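Let's take a walk through this model, from the protein-DNA surfaces to the chain-chain contact and on into the cores. Have the viewer open as you read.

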Protein chains: 2
Amino acid sequence: MSSATKTLELLNYFSASRPEIGLSQLCKLAGRDKATTYRHLQALEETGFVEQNPETKRYRLGPFVLQLAQTREKTVPRRSGVEAPLAALADVTGETSHVSVLSGLSVYPLMSCESPKHSIRAIIDVRTFALHATASGMCALAFGPAELLTVAQENLEVFTSKTARTSGDLASAIETVRETGFGRSNRTFEDEIYGLSVPIFDQTEKFAGAVSVASVAARFTSKQEPIIQQNLIAASRKITHNWGGKIPAAIEAVWAKSLSSSQIMEPAS
Amino acid sequence: MSSATKTLELLNYFSASRPEIGLSQLCKLAGRDKATTYRHLQALEETGFVEQNPETKRYRLGPFVLQLAQTREKTVPRRSGVEAPLAALADVTGETSHVSVLSGLSVYPLMSCESPKHSIRAIIDVRTFALHATASGMCALAFGPAELLTVAQENLEVFTSKTARTSGDLASAIETVRETGFGRSNRTFEDEIYGLSVPIFDQTEKFAGAVSVASVAARFTSKQEPIIQQNLIAASRKITHNWGGKIPAAIEAVWAKSLSSSQIMEPAS
DNA sequence: TTTGTTGGTTCATATACTGAACCGTTGTTT
DNA sequence: AAACAACGGTTCAGTATATGAACCAACAAA
């Protein structure tokens, strides 16, 4: 491992719950020598990545990281972090895949990607995703801000015979999403579409959107389900990472539980 | 210079105006060997600081910087205490306003705010403020730690025909800043910018940064000057307060003296 | 006083960094 | 189509540079 890598890795030990770290403490955390760590910190300080609190002598992240983040946000649009994982997802599932984002109290489509595998396939063509009737919407209700629920309840439009019609139906469906980690729309929005969806998170660890697979319902089998689920999770991890976020441990836990309870395939690399 | 420092310095070449950089280009910019630069980029990529655009093969800032910034801001929430006063300052002056912070021996931009009033306006796009050539830098020299002076003297880069070129020039300019309470950059950094700046203080009553107005030089008149000065002072008071600091009485005194010697407008609320 | 922290420094050792020269690909010029 | 240039990426001998045990000095508690 290069010296530069070792130096940069020190920054991983700073977090909201451990914002300031002393030299000795950092040595213990990183399992490195004190002199080495000290020099690494010097390098980080020179370049503005960390600064030393003059009172406590401990180190904390410096103002330079703010600038870098600003530059990144100005120049790398969210779409670009989505393209590759979405294409991979569409490819491996053979079904139309899409990413939606939460903005305010609506869930908007950001990008969709169709697979050429079948000539009959789902087309994503909506302005916003109905919260109560789509897999993406259910993810938003389950993992997004609580205010969404009232918005959803005020607009329980009926799209198909399987659309949730009452607050009670909706609440129990949301509960299922929370327990499984997967939004699901079994013909609740369109008669021939079976949607499966997982949440995406941004740098604040808050719900930012969802990535979904919209299968042609007639093709959706219990054998495919875990494959789609596995790959949804992989896509969510990648996109979340690209957006500077982190999947909350609680979500990872329910995913693990969900998958272990079905006969699973080996995870993608 | 340590290998880690050299690696980290590569990040300085990324900016809003140059968001993606190819290997060869970066070598030229940094004046380094290609193999070395390549390995440095590898280290940065491993740690998430940069990522490679798969289409162009060029490098850009990675998602990890977003997380770091998030952590820094949660920990040292300076940006949030700056937003409102800065917006107000830009609004009332009609010019680009910005706040810089001192970390170690460098002055970094923290936030800038442009006014929509004019279509020609200053853009703040630097990694650090030159101490001897910018209004913010002059504030740091005048009110910050004494060590800054030697740093400044060792790097008297000439930006325009009006940039200070000798230690003597610099020293007398600093003296003026101390006497007036205002950092000033009359086309010393860019030919068309006139900067005016006042210091900000933290909870230890030490110099923490500066708030500045970067006017388009052609628009800067002696009539506007006191207005800008008044509002700079108001902004500094608010930000200093938000950061838990207090303006030293000595500074308040020189400000009062500065303003009374010119015909003043009534202060903003 | 002793003992155990802390942040910071030194110096001999040898590890890991360096850069000239290399390769393979791509796109342009002739 | 051959020649050329510019690109990203790789190799390896040689040495510059990172390393860590041992060392301060300052401070706190016992």
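This is a predicted model: local features need pLDDT of at least 70, side-chain atom pairs count only at pLDDT 80 or more; totals for chains, interfaces and linings use all residues.

Helix 3 of chain A gives the most, with 4 residues.

Now turn to DNA strand C. At least two residues each are supplied by helix 2 (23-30) and helix 3 of chain A, along with helix 1 (3-9) and helix 3 of chain B. Here helix 3 of chain B gives the most, with 4 residues.

Next, the protein-protein side of things. In chain A, 43 residues are in contact with 43 residues of chain B. On the chain A side, two or more residues come from each of helix 1 (3-9), helix 3 (34-46), strand 2 (59-61), helix 4 (64-75) and helix 9 (224-242). Helix 4 of chain A provides the largest share, 10 residues. By type, the chain A side holds 18 nonpolar, 17 polar and 8 charged residues.

Let's zoom out to chain A as a whole. The chain has 10 helices and 7 strands, and its C-alpha trace spans about 70 × 40 × 35 Å along the principal axes. Of its 269 residues, 43% count as buried. If you look at contacts in chain A with a separation of 6 or more, 61% of them are between residues 24 or more positions apart.

Over in chain B, there's a sheet to trace. Strands of a sheet pair through backbone hydrogen bonds, and the pairing can be parallel or antiparallel. This one is an open sheet of 5 strands in the order 4-3-7-6-5, with antiparallel pairing. Strand 4 (106-113) and strand 5 (183-186) of chain B are the edges, each pairing on one side only. From one strand to the next, the twist averages 25°. Strand 6 (residues 193-201) and strand 7 (residues 207-216) of chain B run antiparallel and are joined by 9 bridges. As one example to click on, Ile200(B) has Gly209(B) in strand 7 of chain B as its bridge partner. Helix 5 (residues 83-93) of chain B packs on the sheet and touches strand 3 (96-103), strand 4 and strand 7 of chain B, with its direction at about 140° to that of strand 3.

What about the inside? The largest nonpolar core has 89 residues, and those with the most contacts inside it are Val65(A), Val65(B), Cys139(B) and Ala140(B). Helix 6 (residues 135-143) of chain B gives the most to this core, with 7 residues. Leaving aside neighbours within four places in sequence, Cys139(B) is in contact with Val177(B), Gly183(B), Ser197(B), Val198(B), Pro199(B) and Ala210(B). A second, separate core of 51 residues includes Cys139(A), Ala140(A), Phe207(A) and Val211(A).

Why is helix 6 (residues 135-143) of chain A described as largely enclosed by the rest of the structure? Because 9 of the 9 residues in the helix are buried. Among them are Met138(A), Cys139(A), Leu141(A) and Phe143(A).

For a contrast, go to Val158(B), in the loop between helix 7 (147-154) and helix 8 (167-180) of chain B. Is Val158(B) buried or exposed? Val158(B) counts as exposed, because it has 12 other C-beta atoms within 10 Å, and the cut-off for exposed is 12 or fewer. Not counting residues up to four places away in sequence, Val158(B) touches Thr163(B) and Arg165(B). Val158(B) and Ala133(B) are 25 residues apart in sequence, with 8.3 Å between their C-alpha atoms.

Conventions: Residues are numbered from 1 along each chain as its sequence is written. Chains are lettered from A and ligands numbered from 1 in the order in which they are written. Two residues are in contact if their C-beta atoms, placed from the backbone, lie within 7 Å. Ala, Val, Leu, Ile, Met, Phe, Trp, Tyr, Cys and Pro count as nonpolar, Asp, Glu, Lys and Arg as charged, and the others, Gly among them, as polar. Two strands pair if DSSP finds at least two bridges between them. Axes are lines fitted to C-alpha atoms, for helices over the stretch in contact, and angles run from 0 to 180 degrees between N-to-C directions. A residue is buried if 20 or more other C-beta atoms lie within 10 Å of its own, exposed if 12 or fewer, and partly exposed in between; C-beta atoms are placed from the backbone. A nonpolar core is a set of buried Ala, Val, Leu, Ile, Met, Phe, Trp, Tyr and Cys residues joined through C-beta atoms within 7 Å.
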